[in-house]
Each structure stands twice: as structure tokens, then as C-alpha cells.
Amino acid sequence: CASCGIGGVDDIKLKKCTACFLVRYCSVKCQKDHRPKHKRECKMRAAELRDEILFRRPESHLHGDCPICCILLELDDRKSFMMTCCGKTICGGCAYANQMRKAKHLCPFCRQATPETQEEGKQLLMRRVEANDPAATYQAGVICSKEGDYKG
């Protein structure tokens, strides 16, 4: 216990300070008695913990990761590409690397032939929309928005 010095044994369970998690107390009385000594250090540690949580890089976000290189996809839709054959969204780097390879007319994820024309691509996309694929539905909305077709 940070206040009275009792060690934690089987019959006495010490409880952590809920703000900073650094010190332990055997009772509420000990916690209240020790509070004036601990208050300043506790506030500093609590602020550090809050900053760690706030500024930690997210593990993922709304667009997810590129299924090929596992890097977070850019929030800017112009820097990622949805493959209409498999419905996977890949980053610009993987799309560029695929263009540089000999098999540039194959999807880098599923290895299926990519559509020859935009019309074929739209048909594949609409097939995925009809199958209730959320990524395809989102992509169809983006395309309609770019074309100025707000009624779908």
C-alpha cells in the first residue's frame, strides 16, 4: 500500500489508482490519506496516458489495408483502386507495380483478367452491387457522384 506500507498478500488485495495505475492501496481510507502526496504525480501520469491513447496510430481506418502490401489505404480515394473482378481495393503503389509487370491486364489480387472497357467494368461492379457487396456499393456511389448522377 502506498500509504501504510502493507504488502499485498493472499488475504489483502491491493487496488490500483484508477487514474494513473501506478500506485496501489489496501483501502479507500489509505487512498484518501495518500491523495495530497500523490495528486500532482497522478495528474501528470493520467495526462501521459491520455496522450498515448489520443496520438497512437490507428491500427486501421474506414478504408482498411491494401490486401497485397498490408499498408493502410489512403483516405484520398484517388490514390486507391477497386478491382471490379474480386472487389478488393488496392493501394496506388500496388496498382503501379502491377502496371510495370508483364501481366498488367491481370488483377494483382485474384489474377483474373481485368475488364477491357469501362462498360465491362461497370457491369462487373453492378453485379457485385446486386450481390450486396458494401465496397462495390460505395464505389458505385462514388462513380455516380463523379458523373453528376445523384439519383443512381
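**Exercise 1.** What volume does the largest pocket have? Then describe its lining.

*Solution.* 
Step 1. Note that this model is predicted.
Step 2. Read off the volume: about 1000 Å³ for the largest pocket.
Step 3. Find the centre. The pocket has 36 lining residues, and the closest to its centre are F81, M82, M83, T84 and Q139.
Step 4. Sort the lining by class. There are 16 nonpolar, 12 polar and eight charged residues.
Step 5. Look for the elements behind the lining. At least two residues each come from β3 (80–82), β4 (89–91), α2 (92–100), α3 (118–130) and α4 (134–147). The most come from α4, which gives seven.

**Exercise 2.** Which residues of α4 are buried? Work out how they are arranged on the helix.

*Solution.* 
Step 1. Check the helix itself. With 14 residues, α4 spans 20 Å from first C-alpha to last, close to the expected 20 Å.
Step 2. List the buried residues of α4: A136, A140 and V142.
Step 3. Look down the axis of α4. The buried residues fall within an arc of 160 degrees, so they line one face of the helix.
Step 4. Recall the helix rule. An α-helix has 3.6 residues a turn, so residues three or four places apart point the same way.
Step 5. Ask what covers these buried residues. The cover includes β3 and α3.

Key: Residues are numbered from 1 along each chain as its sequence is written. This is a predicted model: local features need pLDDT of at least 70, side-chain atom pairs count only at pLDDT 80 or more; totals for chains, interfaces and linings use all residues. Side-chain values use heavy atoms; hydrogens and water are left out. On a 1 Å grid over the protein atoms alone, a cavity is a set of points where a 1.4 Å probe fits but cannot get out, and a pocket is an open set with protein on both sides within 12 Å along at least five of seven lines; lining residues have an atom within 4 Å of a point. Grid points are joined across faces, edges and corners, and a volume is the space filled by probe spheres set on the points. Helices (H or I, at least four residues) and strands (E, at least two) are DSSP runs, numbered from the N terminus. Ala, Val, Leu, Ile, Met, Phe, Trp, Tyr, Cys and Pro count as nonpolar, Asp, Glu, Lys and Arg as charged, and the others, Gly among them, as polar. The expected span of a helix is 1.5 Å times one less than its number of residues. Buried means under 20% relative accessible area, exposed over 50%, partly exposed in between (1.4 Å probe, protein chains only). The arc is that of the directions from the helix axis to the C-beta atoms. Contact means heavy atoms within 4.5 Å.
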